[in-house]
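Here are my notes on the model you sent. Please read them with the structure open.

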Amino acid sequence: MPPQEHHQPLLLDTNDSSDHDELEETAYDSDDKVHIVINDAEASDDDGSKTPPFSWKKLWLFTGPGFLMSIAFLDPGNLEGDLQAGAIAGNSLLWLLMWATAMGLLVQLLSARLGVATGRHLAELCREEYPRWAGYVLWVMAELALIGADIQEVIGSAIAIKILSNGALPLWAGVVITALDWYVLFIFLLLENYGVRKLEAVFAVLIATMALSFAWMFGEAKPSGTELLLGILIPKLSSRTIKQAVGVVGCIIMPHNVFLHSALVQSRDIDHSKKGRVQEALNYYSIESTIALVISFVINLFVTTVFAKGFYGTPLADSIGLVNAGQYLEEKYGGGVFPILYIWAIGLLAAGQSSTITGTYAGQFIMGGFLNLRLKKWMRALITRSCAIIPTMIVALVFDTSEDTLDVLNEWLNVLQSIQIPFALIPLLFLVSSERIMGSFKIGNVLKMVAWLVAALVMVINGYLLLDFFSNEVNGVLFGSVVCAFTAGYAAFIVYLVFQGITLPRWCKSKSVTDALN
C-alpha cells in the first residue's frame, strides 16, 4: 500500500477503495449497510467538516450495534459471577459492578472509534499492521477466547433447558441439544439476509426477555432500596469478598467482544471522506452504547440483589452456582402463579441463546479479518460455528454432569478467556493512539493515559485470578514445568506486542515503502 494512504484515513478515494474491497474481506457489503438519511441542509455542506446537529431519527438509525455488544455483559458467565457476588458479598460489591461496567464501556467505545474512523475492524487492522506470524498467533488466541465463551454459553442454555423440561432432559442432553442448534445458525443467516435491522430487532427482544425475567425476580425478592443505594454509592471491600470482587471486574472485558464491536459499527453507511459525518457517527454510537450498557448494568444489578437478599449470610452462600441456582431460588421464594424457578430459566435461556448468536457473529469477523477469507455468508458462519461446536461436544461427552466438575470446568474456561485479554486490548490501544491509523480521530494524551490505566488494571486483576487458580490447581513437576514454559512464552509475546506497538509507526512506514517499491 502506498505510504500516502496511511496519513489520512478520512480522505480515501471511494473509487480506489471499491477496487480494494473486491480483493479483501470487509465486515459488511455496501448493499447490507443501513443508509443514514441526510437532509438538504447537511447536503449543502460540501466539505463535510461540520458535525450535523443532533437528530432523534438519526439516533434511532444508529441504534443497534451497542446493544449487540452489550450481550457479552449478560452472558451466562457474567450471570454466574453476579449471583455468586450477591450470595457471598451481599450488596457490598454493587459499586464495583458499576465502575467495572464503566471501564468496559470505555474499552468498547475505543473499539467503536477504531472501526468508525478507519472503516476497518480490529481483526483486519491486526492482520495489516503486525507481521504475519504475529497475526496468526493473535487469531488463534481470539478463537480460543471465543470457544471458551461459547462453551459457557452452551452450558448455560443447557441448564435452562433442564429446568424448563422439569428435569426430563439431563444436563448432558441439554448440552448436546444446544451444541447442535443449527437452527440458530440458519435463523442468523435468514435474518442477516433480510437486513441488519431485523437481526438487531431479534437481539432487542432477547434483551427485553432477560430484563423482564430478572426484573420479575427482583420484584419477587423485594430487596431493600436503602441497602441497594448504599451498595452502589459506598465502596466497601473485605478480605472475604476479594475473590468475588476480582471476578466482577475480570469478567467484564470479553476479548471477542472487542473485535466484534469494531466491526458492528460498520453496518451503517458513513462517508469516511467527511470529518463531520465520522464525528456524527461517533457521537451517536457513544450515546447508544452508553444506553445499552446502562441497561446491562441494571440487569446484572437485578441478579446480584436477588441472590444477595436470598442467600447472603446463609450456609448456602458458598455453594451456590449456575447449576443449582434455580433449585435454591425455588426453595427460598417458593412457587406462585409464575414460579421463580421458570422465570430464572427463561432469562438464562435468553442470555445463552443471544450470546451464542453474537459469538457466531464475532467468529465471522475474527476469522474473516485475520485470514482475509472471501467466503459466502453461510459457509463463513458454518465454519465459525463448527469451531465452537466441536470442543463443546467434547466437553459434553468427556465431562461428568456433577456440579463440582462443571464448576472446575467453568474455572478453567474463565482462565482461558482471562489470558486472552491482553491480545485484544494491547493492539486496540496502540491502534487508536496512532495518528497514522486514526488521522484526526486518534485519542488524546489524557484519554490514552486513562485507557492504559484501565487496561493495566484489568490485566493485573486477571493476572491475580490466574495466579490464584494455578497455585491451587497445579500439582506435580511435569505439569508445573509445562505451566512455567507456557507462562514464559505468554509473557514474552505480551512484551513483544508492547514493543511492537511502540515501534509500530516506524515499522509500518518502512513496510509501506517496501510495498511501494515492490
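1. Leaving aside residues up to four places away in sequence, Met 217 touches Val 306, Phe 307, Leu 329, Ile 340, Ile 343 and Trp 344 (contact means heavy atoms within 4.5 Å). This is a predicted model, in which local features need pLDDT of at least 70 and side-chain atom pairs count only at pLDDT 80 or more, while totals for chains, interfaces and linings use all residues. Residues are numbered from 1 along each chain as its sequence is written, and side-chain values use heavy atoms, with hydrogens and water left out.

2. Met 217 belongs to the largest nonpolar core, which has 142 residues. Along with Leu 114, Phe 214, Phe 307 and Trp 344, Met 217 touches the most other members. Helix 15 (residues 275–311) gives the most to this core, with 15 residues. A nonpolar core is a set of buried Ala, Val, Leu, Ile, Met, Phe, Trp, Tyr and Cys residues joined through side-chain atoms within 4.5 Å; buried means under 20% relative accessible area, with a 1.4 Å probe and protein chains only.

3. Which residues of helix 16 are buried? In helix 16 (residues 325–333) they are Ala 325, Gly 326, Tyr 328 and Leu 329. They cover an arc of only 160 degrees around the axis, so they sit on the same side of helix 16; the arc is that of the directions from the helix axis to the C-beta atoms. These buried residues pack against helix 5 (76–89), helix 8 (132–164), helix 11 (196–221), helix 15 and helix 17 (340–371). After helix 16 comes Gly 334, with a positive phi near 75 degrees.

4. Helix 5 and helix 17 also meet each other: Pro 76, Leu 79 and Leu 83 in helix 5 contact Trp 344, Leu 348, Ala 351, Gly 352 and Ser 355 in helix 17. Their axes come within 9 Å and cross at roughly 140 degrees. That makes helix 5 oblique to helix 17.

5. Helix 6 (residues 94–118) packs on helix 15 at an angle of about 155 degrees, with the axes 9 Å apart. Helix 6 passes helix 15 in a right-handed crossing.

6. For the whole protein chain, there are 24 helices and 2 strands, and 54% of the 518 residues count as buried. Among contacts between residues at least 6 apart in sequence, 86% join residues at least 24 apart.

Key:
Buried means under 20% relative accessible area, exposed over 50%, partly exposed in between (1.4 Å probe, protein chains only). Helices (H or I, at least four residues) and strands (E, at least two) are DSSP runs, numbered from the N terminus. Axes are lines fitted to C-alpha atoms, for helices over the stretch in contact, and angles run from 0 to 180 degrees between N-to-C directions. A crossing is left-handed if the near helix is turned anticlockwise from the far one by less than a right angle, and right-handed if clockwise. Angles under 35 degrees count as roughly parallel, over 145 as roughly antiparallel, 65 to 115 as roughly perpendicular and the rest as oblique.
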